[in-house]
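Trainee: May we go through this structure together? I would like to begin with how its elements are named.

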Amino acid sequence: MIALLIMVPVCSASAEAPVKLVNFTADWCTSCRVLEPKLSRALESVTNADVELVTIDLTHLRSGSDSRQATIDASEALLRFHKAEYLWDWYGGYTGMAVMIASDTGEPISCVDKRHSIEMIENRLQLADVLARRAAPGSRRPDGADCPPPLR
């Protein structure tokens, strides 16, 4: 009986990471070419159990009206799935930035862009993880999120 209790995992493999990193990107985005390698390197410092990368690919926003609308619809649906549909209202159509959100509520915790070093991104990911795990919903942003004000 005791052996069975020891073998029970603390969290299941399907458990959701406490932080989601929502990356707004596009093939034509020059800022993304600077940010994305930094994000990749910073994400090496955390596990998939800590942070889930959510990519919002806006490449086809500059295509014809059908492709543009399909991109908007898909982006809004993906954000809605991750409890972050407000991000489209705030930053939809803008690229070259990533927003760290709490998985359970979708509230913003921190933002990064091409100006941030790998170390700064790693530090923000670690802080976001601590806040998402330990702080109460609604109070996960020390002195407010460092994200830019909504662009719309």
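Mentor: Helices and strands here are DSSP runs, numbered from the N terminus. Please keep in mind that this is a predicted model.

Trainee: Which helix holds Met 120?

Mentor: Met 120 is found in helix H5, which covers residues 118–134. Its relative accessibility is 35%, so Met 120 counts as partly exposed.

Trainee: And Asp 129, is that buried or exposed?

Mentor: Asp 129 also lies in helix H5. With a relative accessibility of 15%, Asp 129 counts as buried, because the cut-off for that class is under 20%. Leaving aside neighbours within four places in sequence, Asp 129 is in contact with Pro 18, Val 19 and Asp 50.

Trainee: What does Asp 50 form a salt bridge with?

Mentor: Arg 133 forms a salt bridge with Asp 50, and the closest N and O atoms are 2.7 Å apart. Arg 133 lies in helix H5 and Asp 50 in the loop between helix H2 (30–43) and E2, so the pair ties together parts that are 83 residues apart in sequence. Salt bridges that share partners join Asp 50, Asp 129 and Arg 133 into one network.

Trainee: How many salt bridges are there in the whole structure?

Mentor: The search finds 7. One of them joins Asp 104 and Arg 140, with 2.6 Å between the closest N and O atoms. This pair links distant parts of the chain, Asp 104 being in the loop between E3 and E4 and Arg 140 in the segment after H5. Asp 104 is partly exposed, at 41% relative accessible area, whereas Arg 140 is buried, at 2%.

Trainee: Last topic: what lines the largest pocket?

Mentor: The largest pocket holds about 200 Å³ of space and is lined by 13 residues. Met 97, Val 112, Asp 113, Arg 115 and Pro 148 lie nearest its centre. Strand E4 (residues 108–113) gives the most to the lining, with 3 residues. By class, the lining has 6 nonpolar, 3 polar and 4 charged residues.

Definitions and conventions: Residues are numbered from 1 along each chain as its sequence is written. This is a predicted model: local features need pLDDT of at least 70, side-chain atom pairs count only at pLDDT 80 or more; totals for chains, interfaces and linings use all residues. Side-chain values use heavy atoms; hydrogens and water are left out. Helices (H or I, at least four residues) and strands (E, at least two) are DSSP runs, numbered from the N terminus. Buried means under 20% relative accessible area, exposed over 50%, partly exposed in between (1.4 Å probe, protein chains only). On a 1 Å grid over the protein atoms alone, a cavity is a set of points where a 1.4 Å probe fits but cannot get out, and a pocket is an open set with protein on both sides within 12 Å along at least five of seven lines; lining residues have an atom within 4 Å of a point. Grid points are joined across faces, edges and corners, and a volume is the space filled by probe spheres set on the points. Ala, Val, Leu, Ile, Met, Phe, Trp, Tyr, Cys and Pro count as nonpolar, Asp, Glu, Lys and Arg as charged, and the others, Gly among them, as polar. Contact means heavy atoms within 4.5 Å. A salt bridge is a side-chain nitrogen of Lys or Arg within 4 Å of a carboxyl oxygen of Asp or Glu.
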